[in-house]
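Biologist: Hi! I'm new to this one, could you walk me through it?
Modeller: Happy to, here it is.

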Amino acid sequence: MSQNTKEIYHDHIVIRLIQFSLFWVIVAMAVGVYLAAEFIWPEIDFGQFWLSFGRIRPLHTNGIIFGFGVSALMATAFYSVQRTSHVPLFMPRLAWFCCYAWQLIILLGGLSLLAGWTSSKEYAELEWPFDIAIAIVWVCFGVVFFGTIANRRIRPIYVSNWFYGGLIIVIAMLHIVNNLAIPVTIGKSYSLYAGAQDAIVQWWYGHNAVGFLLTGGFLGMMYYFLPKQSGQPIWSYRLSVVSFWAFTYSYIWAGPHHLHFSAIPEWVQSLAMVMSLVLLAPSWASMINGIMTVSKAWERLRTDPALKFVVMSLAFYGLATFEGPMMAIRSVNVVSHFTDWTIGHVHSGALGWNAMITYGTFYYLVPKLVGRELYSTKMANLHFWLALAGTMLYVLSMWAAGVSQGLLWLSIDEYGQLSFSFREIMAAMSSYYGLRLIAGLIFFAGTILMTWNLFMTMRGQKTVEVTPPPVAEKYRINPSPKPAADHTGTEVPA
Amino acid sequence: MNGIKLHKKLEENTGLLIFGILFVSAIGGLVQVIPSLYDESLSTPTANTRVYDAVELTGRDIYIREGCHVCHSQQIRPLVAEVERYGPYSRAGEFAYDRPFLWGSKRTGPDLHRVGGKYTDIWHEVHLLNPRAVVPESIMPAYPWLFERNASQAGNIKKKMQALKRLGHPYTDDEIANAAAALDGLLEIDALVRYLQMLGTGYDESMNDMEGM
Ligand code: HEM
Ligand code: HEM
């Protein structure tokens with residue numbers, strides 16, 4: 001080994017971010033289960049203001065999306081950008097700052113939600129001091145990420161990096177514009193926009209936070225890890241190019257489908273509906289690309305629980321991105337809007353796609369990072385079935401609840417009178433809410449199992465040191481240091 | 001083929017890639033969101049819509065703090081059943097002084113846009129203290145702490161009104177000066193109920209027609 005010039009990938013930070021991500025998924029999912037229980041036993045907040053439904057619902061969504069989701073995306077972005085650029089992270093200290101500052105924001109931000117500091121805008125509830133902190137950390141994330149790409153030693157910028165890049169750039173734009181406000185006190189501000197205009201700006205943000213974070217960001221994960229896990233190059237490079245740009249262009253238009261039949265202009269709603277239908281094509285293009293990539297490695301599906309998770313996540317991704325455009329059609333949205341159908345749609349994406357692809361990636365990545373086999377493959381296989389059963393039950397129960405709510409609310413008898421009171425319909429939902437609670441508990445049990453499994457895998461292990469492999473002459477871009485003697489890090493080229 | 005060539009450039013140049021993503025993702029917003037911000041039909045208050053007074057504004061901010069909007073919408077759609085259930089459908093101008101908007105995305109409870117005047121103050125108080133005392137099967141949480149805190153402790157009302165004035169809400173200097181006094185002796189629950197009772201009162205006769213439904 002040529003000790004002095006040895007350059008290694010910064011993977012310790014990847015491990016740390018995965019640990020934080022696991023911490024947040026446990027906390028925020030426990031809150032989700034608790035919320036589900038409040039639908040059945042509304043008294044279980046015990047008269048404590050900080051346990052009240054209205055305050056902890058945003059804790060669930062923010063904890064999951066920004067705690068679990070973003071930590072996982074940062075971890076996998078840092079891991080894959082080094083591999084696809086053949087160079088260690090740019091400004092590793094800044095990367096560590098992002099890692100810890102982000103966790104601090106989620107922790108304090110979560111507490112501030114319990115204290116009742118909220119802008120009320122969905123997925124942007126955190127108040128202005130946090131918004132500023134988020135913007136700063138996000139820019140640093142961008143500097144590390146794009147700095148690494150600029151330093152890369154291999155000429156093409158790989159597909160996964162476009163998606164992670166889209167995540168960083170578009171979320172920055174949305175976050176800043178949507179959160180513009182005049183501060184009053186440290187925990188209170190007033191939006192720069194009012195009423196209908198505020199609604200349009202908020203759902204431009206809200207839908208695209210879903211689009212570029214929960215969809216695009218996780219597609220970045222898919223584009224890097226799926227080829228790795230299945231040992232195959234991505235099926236069609238051309239399809240990934242087309243789908244990336246079509247996705248980036250068309251997602252932005254679809255936000256007002258959250259405002260169908262509301263007091264915003266008709267043309268805005270119609271445009272959003274059409275663009276939501278268009279969106280089906282680039283969304284499915286990525287799914288097809290993913291499925292075709294694994295299709296050459298089906299045998300592995302029998303033995304590798306990590307790959308099972310990822311393939312199942314693609315199926316749910318396909319489901320959610322098919323259902324979404326359908327719900328964006330005005331005549332369907334009339335029924336689905338404001339009901340538990342939306343909640344079913346959300347969680348088919350959230351549990352089936354976001355959680356499952358992340359779980360699959362963690363099962364693959366953690367053993368690699370610490371250089372030890374997964375503690376228990378059996379446990380991981382059991383987790384797979386729990387996750388699948390939990391997701392199915394959650395989604396089915398909420399579909400049933402949502403469709404009934406939607407139709408019953410709208411139903412009118414032969415005299416033009418409402419057929420059912422709101423209270424009757426509410427009371428009829430209780431068994432669906434019971435099923436949803438059971439579904440949540442099953443899914444949560446699987447998640448605990450995974451956390452234990454990964455914890456036992458990591459325990460007492462050091463992060464494996466990996467050196468960037470040399471780059472073939474024809475792809476070389478920035479000068480590499482002289483090739484190290486051992487290439488333990490060499491993997492299947494992306 | 002040309003598209004792929006163009007893409008070769010983008011995918012080999014970090015700066016171009018960043019710019020490309022920013023540009024492509026900004027188009028939709030520029031065409032769809034920015035014009036809406038200049039659309040006066042969205043920002044002009046209806047004839048009966050007025051700014052929230054000190055007590056109502058305090059109540060509204062309590063509504064936000066407690067997250068009532070996660071279960072209640074304030075947006076009645078122009079559908080026969082919905083108008084039958086909740087009242088005349090919502091018009092953009094009625095929300096001209098709503099910062100932030102509180103339309104919501106989920107109806108675990110009923111729409112509240114026209115709840116003002118539907119029940120007595122006492123009904124609301126009993127309901128908010130324990131919803132199941134009024135509606136046995138209710139799954140709405142209870143809010144006992146609202147009965148213990150003074151409305152004047154729920155934020156700095158003077159600063160709030162000054163901030164809103166800067167954003168164009170027509171508060172007079174007198175109103176702002178007397179704001180704190182208006183909250184004297186009121187509990188948080190009183191402010192919240194005052195807010196609930198004024199919801200949907202931007203309504204006027206012309207809204208009875210079902211045009212646009
Ligand atoms: C082509 C893709 C998609 C389209 C066109 C789409 C469309 C929609 C529509 C029409 C709604 C209902 C809005 C309403 O009536 O209030 C909705 C809600 C939602 N969708 Fe999707 N969806 C898509 C994919 C996804 C995916 C993959 C996720 C991932 C988790 C997701 C997450 C959500 C969330 C969180 C909401 C709830 C927003 C809220 O009201 O708070 N969507 N989507
Ligand atoms: C055990 C798992 C989970 C359970 C039991 C659960 C439960 C819940 C409940 C009860 C709600 C409130 C629904 C309502 O107000 O009607 C909710 C909302 C939500 N959850 Fe979950 N959740 C779980 C996992 C997740 C995950 C993994 C994600 C994200 C990746 C997620 C994202 C969301 C979002 C975005 C909403 C807001 C939906 C909207 O406003 O339309 N949840 N969840």
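Biologist: How do the residues of the shell around ligand 1 divide into nonpolar, polar and charged?
Modeller: There are 12 nonpolar, 14 polar and one charged. Here Ala, Val, Leu, Ile, Met, Phe, Trp, Tyr, Cys and Pro count as nonpolar, Asp, Glu, Lys and Arg as charged, and the others, Gly among them, as polar.
Modeller: It's a predicted model, where local features need pLDDT of at least 70 and side-chain atom pairs pLDDT 80 or more, while totals for chains, interfaces and linings use all residues; side-chain values use heavy atoms, without hydrogens and water. Residues are numbered from 1 along each chain as its sequence is written, with chains lettered from A and ligands numbered from 1 in written order.

Biologist: Where does ligand 1 lie?
Modeller: Between chains A and B.

Biologist: And which residues come nearest?
Modeller: A:Glu122, A:Tyr123, A:Asn333, A:His337 and A:His345, out of 27 around ligand 1. "Around" means a heavy atom within 4 Å.

Biologist: How far is the side chain of A:His337 from an oxygen atom of ligand 1?
Modeller: An N or O atom there is 2.6 Å away. For A:Tyr123, a polar side-chain atom sits 2.7 Å from a ligand 1 oxygen, and for A:Glu122 the side-chain N or O is 2.9 Å from one.

Biologist: Which helix gives the most to that shell?
Modeller: H12(A), with six residues. Helices are DSSP runs of H or I, at least four residues, and strands are runs of E, at least two, numbered from the N terminus.

Note on methods: Polar contact = N/O pair within 3.5 Å; in protein donor to acceptor, adjacent residues only side chain to side chain.
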